[in-house]
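Work through the exercises below with the sequence and the 3D structure open. Try each task before reading its solution.

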Amino acid sequence: VKIDGPLYSGKAKDVLLTDDPEIVAVRFRDDITAGDGEKKDTLEMKGYYNSVISAKIFEVLEEAGVPTQYLELREPGCILARKLEMIPIEVITRNIAAGSIVRRFPFTEGQEFIPPLIQMDYKSDEHGDPMLNDDIILALGIATRDELEEIRRITLQINSVLRDFLKSRGLILPDFKLEFGRDSGGRIRLGDEVSPDTCRLWDMETGEPLDKDIFRRGEEGVVGAYRRVARMILDDEDIE
Ligand code: C5P
């Protein structure tokens, strides 16, 4: 397909139209933000690493039978994807307590959640991404009861596939965020990205974070950590 003009720009990616109305191109930029965009930077190669990491994870998920929007890695930094009508919900799955859940509720950092917790936040900068419940989702009209059930089912499947895959690559998955949308046939599919920007990923040997938490804490070495994740996930030590 031929890539045309922009459809919209997010905080770290651009979505572009193509000459196929069912297909979009997603460009991963080097921009990184935290705290609803309060903290910002541009880190060379970040977009490249996230694109190859996300592409590999979507391939693993597709292979396990998870419906996603992913079609192909067109070139490093750019993927082709099925166009979806996105549902403005951030679906957060937690296997280990970390981050905001520990600040907002009396959980202990590092405590395991068995079974895993699924939390849904309203994707709205204007409203500060507030936590949702089923009644609020239905009243807002952003998803139906059947769609919510399907999103929960796919999310738990993704958690199980992803945990096993990452474990085999030496990584622990404390939590991660997913976004879903409807394809042209109305089917729910995983969209957006799965990367160190959207997952907590801890080195199994050392326990050190290899994800956006490094940036959130204002520490050095963000790009080095993302490179390490790319090498581990792609099982390729030659990635530069
Ligand atoms: O901030 P919090 O601890 O709730 O984040 C839980 C998980 O969801 C983390 O892996 C984080 O990277 C991800 N997340 C995200 N986008 C957001 C909020 C959280 O990717 N807007």
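The exercises go from domains to strands, then to the ligand shell and the backbone.

Residues are numbered from 1 along each chain as its sequence is written. The model is predicted, and local features need pLDDT of at least 70, side-chain atom pairs count only at pLDDT 80 or more, while totals for chains, interfaces and linings use all residues.

**Exercise 1. Domains**

Task: State which domains the chain is assigned and describe the side of domain 1 that touches domain 2.

Solution. 
Step 1. The assignment gives domain 1 as residues 3-82 and domain 2 as residues 85-220; such bounds come from an automatic or database domain assignment.
Step 2. Between the C-alpha centres of domain 1 and domain 2 the distance is 17 Å.
Step 3. Domain 1 puts 20 residues into the contact and domain 2 puts in 24 residues. Two residues are in contact if their C-beta atoms, placed from the backbone, lie within 7 Å.
Step 4. On the domain 1 side, β4 (31-34) and α1 (46-63) are the elements that give two or more residues. Helices (H or I, at least four residues) and strands (E, at least two) are DSSP runs, numbered from the N terminus.
Step 5. α1 gives the most to this side, with seven residues.
Step 6. Sorted by class, this side of domain 1 has 11 nonpolar, five polar and four charged residues. Here Ala, Val, Leu, Ile, Met, Phe, Trp, Tyr, Cys and Pro count as nonpolar, Asp, Glu, Lys and Arg as charged, and the others, Gly among them, as polar.

**Exercise 2. The five-stranded sheet**

Task: Find the order of the strands in the open sheet of five strands, and say why one side of β1 and of β6 is left without a neighbour in the sheet.

Solution. 
Step 1. Begin with β1 (residues 3-9) and β2 (residues 13-18), antiparallel strands joined by four bridges. Two strands pair if DSSP finds at least two bridges between them.
Step 2. Ile3 has Thr18 of β2 as its bridge partner, and a hairpin of three residues links β1 to β2.
Step 3. Next, β2 is joined to β3 (residues 23-28) by five bridges, again antiparallel; Asp14 is partnered with Arg27 in β3.
Step 4. Helix α1 lies across β3, β6 and β7 (78-82), at about 150 degrees to β6. Axes are lines fitted to C-alpha atoms, for helices over the stretch in contact, and angles run from 0 to 180 degrees between N-to-C directions.

**Exercise 3. Two further hairpins**

Task: Describe the hairpin of β4 and β5 and the hairpin of β11 and β12.

Solution. 
Step 1. β4 pairs with β5 (residues 39-42) in the antiparallel sense over four bridges, and Ile32 has Asp41 of β5 as its bridge partner.
Step 2. Four residues lie between β4 and β5, and Gly35 in the turn has a positive phi of about 60 degrees.
Step 3. β11 and β12 (residues 188-191) are antiparallel and share four bridges, with Gly181 opposite Arg189 in β12.
Step 4. Five residues lie between β11 and β12, and Gly186 in this hairpin takes a positive phi near 85 degrees.

**Exercise 4. The ligand shell**

Task: Which strand supplies the largest share of the shell around the ligand?

Solution. 
Step 1. The residues around the ligand include Glu90, Ser100, Asp129, Phe176, Cys199 and Lys212. A residue is near a molecule or strand if its C-beta atom, placed from the backbone, lies within 6 Å of it.
Step 2. At least two shell residues come from each of β9 (89-96), β11 (171-182) and β13 (199-203).
Step 3. β11 supplies the largest share, three residues.
Step 4. By class, the shell has three nonpolar, three polar and six charged residues.

**Exercise 5. Backbone exceptions**

Task: Where does a cis peptide bond occur, and what is the phi of Asp129?

Solution. 
Step 1. Most residues other than glycine have a negative phi, and most peptide bonds are trans.
Step 2. The bond between Ile114 and Pro115 is cis, with omega about 0 degrees; Pro115 belongs to strand β10 (residues 112-122).
Step 3. Asp129 is not a glycine, yet its phi is positive, about 50 degrees.
Step 4. Asp129 sits in the loop between β10 and α3 (134-140).
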